[in-house]
Amino acid sequence: MRAILVDRHGGPEVLHLVDGPDPEPGPAELLVEVAAAGVNYMDTYGREGVPPYVGPLPWVPGGEGAGRVRAVGAGVVDVAVGDLVAWSGAPGSYAELAVVPAAVAVPVPDGVAVEVAAAVLLQGMTAHYLCTDTHPVAPGDVTVVHAAAGGVGLLLTQLVKRRGGTVVATVSGGPDGEKAALARAAGADVVSDYDDFGAAVRAAGDGAGAHVVYDGVGAATFDASLACLRPRGLLALYGAASGPVPPFELTRLSAGGSLFVTRPTLRSYTATRDELLARSGELFGLIAAGELDVRIGATFPLADARAAHEALQGRSTTGKVLLLP
């Protein structure tokens, strides 16, 4: 079996392809032939050794993918050999074969291609919980979606619009660039660069500010995100693509009008098997019905994992990045 291995922390150059024995599933586990593996920022954090994403070395990156079940371990009763499944939260997905806990694997229904299933699970469920649970978007809510041309951003924009929200989208590359066009195609009402999105929010909200900011960028946008909220608005900081947010003085929240800040994670919003199946099932249903577009912006062979990480961290990608074993 071929897999990508990290045996020391560092830049993309520490990713290298190795051959090893085929793994075997243990109790309550599946052995899956990986058709596609998602490439995510948390993979780059683990590669660099950033807590809490770092684990013992050597390490096979990748926590998301989709493929067909080759074997099942003892005690698995609801998945069979040959089933098509997708997963998020199972380490070791940058490989031809992955051992996946049955508890995190979800069935991929007819009408959803395997690459789309691999591309949407982590980012799609993240977008879903953000706008349905972290801040349930109501008709007319002014929302800010940062990095709106990225994987989460494009999906979140579509889901917010389905709920009747107004989307102020931020992108790099200027108002006439590819990223701006993608955000508009996803339904964004206003597209702005990162330097002046506060003015765009004030205009969209008649001067009152945003009800919610969905921020996966982190350090570079945090201060301006807080500043653009209306009283009792919420900043949902779900990622840190530009780096972690430094500690800040909590009195800024009262000064801004009793603001809220939360740092949600997908794990907390798929805490039970029922919630995982309901959230993934709703996403797959929308995709199968043609009501949610999933953009796969780039695919790389497994051996080119280094190039995939360089593209992701270089902000040259849009939508989802996949590795194809």
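Contact, in what follows, means heavy atoms within 4.5 Å. With that settled, a word on the source: this is a predicted model.

I'll start with Glu96. Leaving aside neighbours within four places in sequence, Glu96 is in contact with Met1, Arg2, Val32, Glu33, Val34, Leu302 and Pro325. As for where Glu96 sits, it is in the loop between β5, residues 84–88, and β6, residues 97–101. Its relative accessibility is 28%, so Glu96 counts as partly exposed. One of those contacts can be given in more detail: the Glu96 side chain reaches the backbone nitrogen of Arg2 at 2.8 Å.

Next, strand β15, which covers residues 320–324. Is β15 mostly covered or mostly open? Mostly covered, with 4 of its 5 residues buried. Two strands pair with β15. One is β3, which pairs with β15 in the antiparallel sense over 3 bridges; there, Ala37 stands opposite Leu323. The other is β14, residues 296–301, which runs parallel to β15 and is joined to it by 5 bridges. On that side, Thr299 has Leu322 as its bridge partner. A helix also belongs to this part of the fold: β14, helix α10 at residues 305–313, and β15 make a right-handed β-α-β unit. In a regular strand, side chains alternate between the two faces of the sheet.

Thr44 belongs to helix α1, residues 41–48. Not counting residues up to four places away in sequence, Thr44 touches His309, Leu312 and Gln313. Why does Thr44 count as buried? Because its relative accessibility is 0%, and the cut-off for buried is under 20%. The side chain of Thr44 also reaches the backbone oxygen of Tyr41, at 2.6 Å.

Helix α3, residues 151–162, makes a right-handed β-α-β unit with β8 and β9. Helix α4, residues 178–185, makes a right-handed β-α-β unit with β9 and β10.

On to the nonpolar cores. Which residues touch the most other members of the largest core? Of its 50 residues, they are Ala86, Leu156, Tyr214, Phe284 and Ile287. The element that gives the most to this core is helix α2, residues 114–134, with 12 residues. There is also a second, separate core of 30 residues, which includes Ala102, Phe300, Ala305 and Ala311. Going back to Leu156, and leaving aside its neighbours within four places in sequence, that residue is in contact with Ala127, Leu130, Cys131, Val145 and Tyr214.

Last, some backbone geometry to check on screen. As background, most residues other than glycine have a negative phi, and most peptide bonds are trans. Where is the cis peptide bond? It joins Leu57 and Pro58, with omega at about -5 degrees. Pro58 is found in the loop between α1 and β4, the latter being residues 64–72.

Then there are two residues with positive phi. Ala28 has phi near 65 degrees and is not a glycine. Ala28 lies in the loop between β2, residues 16–19, and β3, residues 29–39. With a relative accessible area of 42%, Ala28 is partly exposed. Ser258, also not a glycine, has a positive phi of about 60 degrees. The loop holding Ser258 runs between α7, residues 251–255, and β13, residues 260–262. Ser258 counts as partly exposed, at 47% relative accessibility.

Key. Residues are numbered from 1 along each chain as its sequence is written. This is a predicted model: local features need pLDDT of at least 70, side-chain atom pairs count only at pLDDT 80 or more; totals for chains, interfaces and linings use all residues. Side-chain values use heavy atoms; hydrogens and water are left out. Buried means under 20% relative accessible area, exposed over 50%, partly exposed in between (1.4 Å probe, protein chains only). A polar contact is a pair of N or O atoms within 3.5 Å; within protein, one must be able to donate a hydrogen and the other to accept it, and residues adjacent in sequence count only if both atoms are side-chain atoms. A nonpolar core is a set of buried Ala, Val, Leu, Ile, Met, Phe, Trp, Tyr and Cys residues joined through side-chain atoms within 4.5 Å. A crossover is right-handed if, with the strands pointing away from the viewer, the path from the first strand over the helix to the second runs clockwise. Two strands pair if DSSP finds at least two bridges between them.
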